[in-house]
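Please open the model in your viewer and keep the selection panel at hand.

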Amino acid sequence: MSDRTVYPAETLSATSLMEMEDRHSSGGTTRRPVIMAQGSGCTVRDLEGREYLDLSSAQGWANIGHCHPTVTRAIEEQARCLVAQTESSYNPQRARWYAELAAILQEGFGESDRGALSKIHVCSSGTEAIEAAIKAARFFTRRPEIVACKRAFHGRTMGALSATWNPQYRQPFEPLVPGFRHIPYNEPAAVSEAVNENTAAVLVEPVQGEGGVHPASEEFLLALQKACRDKGALLVVDEIQTGFGRTARWFGGSHFIEAGFAPDMVAMGKSIGGGLPMGALAWRGGLGSLDAGTHGSTFGGNPLACAASRATFRVFREEKLVERAEGLGRFLLERLRSFRAPLLREVRGIGLIAGIELRQKVTPVLKELMQRGIWALPAGPTVLRLLPPLVISEEELDRGLRIVEEVLGGNPGR
Ligand SMILES: *Cc1c(COP(=O)(O)O)cnc(C)c1O
């Protein structure tokens, strides 16, 4: 990261900074004992100057890496102009953002008999995009029930949490929103009886991320779509983690459009904003619009986030990141599958999302990877999840994977 300015001298010690956070934080999130201070591309650096190769895309939001100069410049320019402004008036950044996102959705999902994914609700996080999906589906269908999948993760606000599966996340906060049920993932036979005349929507991740990195089968997605069509329910794909090139298509669901997959709604978040908080829900124009006054938020569609997101779209196009993810993804999965590592049980994934099922708990592996300068993620108790930034070089990825193989007990120098 020698091309970057050095982080401004910090006057407090690492210990006192950590103590301050621990004293006041809600406690709802587990922290690693690292003070992250700087990022550039695929590298993040802590206060002591230790560098980490970020194979997690900072938990999935940094598909274009950290502090991409194009995005940084757009943020700087927009911050001098207008930062926040609600949707109660028009804005040039937001206008262009809508049009550019609609074009990406057109490339990623095409049209169905309900039209293009041309109507967009903009918000500030993934969980809010899911809230919007639940509300919009109930609004358009006038039906109460939502079907989600076992192992699903859709967020942590009350509506999204009701669609999330993990009892650890749910139980302390019950009672949740009524009307939710969960069906087994990737079991087409279980679909038709779960969707009925009361179903407003079915929610599905094209690859379950948090749930252990499980890619959906084409049969399952098409069975969900058929059941929705037969019963008048809406099909919502949660592309918050799988969107924006992660699976080597614009969206995870884009892999199936030739087979006729055409979801009614698409929820987006994480990498859409280039690092700024942003979420979005798009739906088919044929479904219509929400009534004025029924939904919105103060910061949704603020010009700063729209400018950062537009710059992110530009990076995707200029650096051909979706196409890039295809070659890198093949390299990643082939390398992982070639590991002769005693701790490795199974490799799952598509594009640049990979899950390594271990023969033991993942926590000590993550700890050792961190000590060796690799930032990775869990996906449940025994799965190591890798989400490399799409801008990573083959050399960086190779260097990272050698360390992963060694930590899993293999010998990459063989
Ligand atoms: C991260 C994630 C969410 C929640 O997004 P937040 O921005 O953290 O609220 C929802 N669904 C999926 C699939 C995710 O990966």
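The tour takes the domains, then their interface, then the ligand site.

This is a predicted model, in which local features need pLDDT of at least 70 and side-chain atom pairs count only at pLDDT 80 or more, while totals for chains, interfaces and linings use all residues. Residues are numbered from 1 along each chain as its sequence is written, and side-chain values use heavy atoms, with hydrogens and water left out.

Begin by colouring domain 1 (14–64 + 323–408) and domain 2 (77–318) separately; these bounds come from an automatic or database domain assignment. The C-alpha centres of the two domains lie 26 Å apart.

Next, select the interface, where 25 residues of domain 1 are in contact with 23 residues of domain 2 (heavy atoms within 4.5 Å). About 1,900 Å² is buried between the domains, 60% of it from carbon and sulfur atoms; this is the accessible area (1.4 Å probe) that two parts lose on being put together, summed over both.

Two salt bridges are counted between the domains, the term meaning a side-chain nitrogen of Lys or Arg within 4 Å of a carboxyl oxygen of Asp or Glu. Show the side chains of E210 and R385, which form a salt bridge at 3.5 Å, N to O.

Finally, select the residues around the ligand, among them G126, F153, H154, D238 and Q241 (a heavy atom within 4 Å). A backbone N or O atom of G126 lies 2.8 Å from a ligand oxygen, and a side-chain N or O atom of Q241 is 2.8 Å from an oxygen atom of the ligand. For F153, a backbone N or O atom lies 3.3 Å from a ligand nitrogen.

Definitions and conventions:
A polar contact is a pair of N or O atoms within 3.5 Å; within protein, one must be able to donate a hydrogen and the other to accept it, and residues adjacent in sequence count only if both atoms are side-chain atoms.
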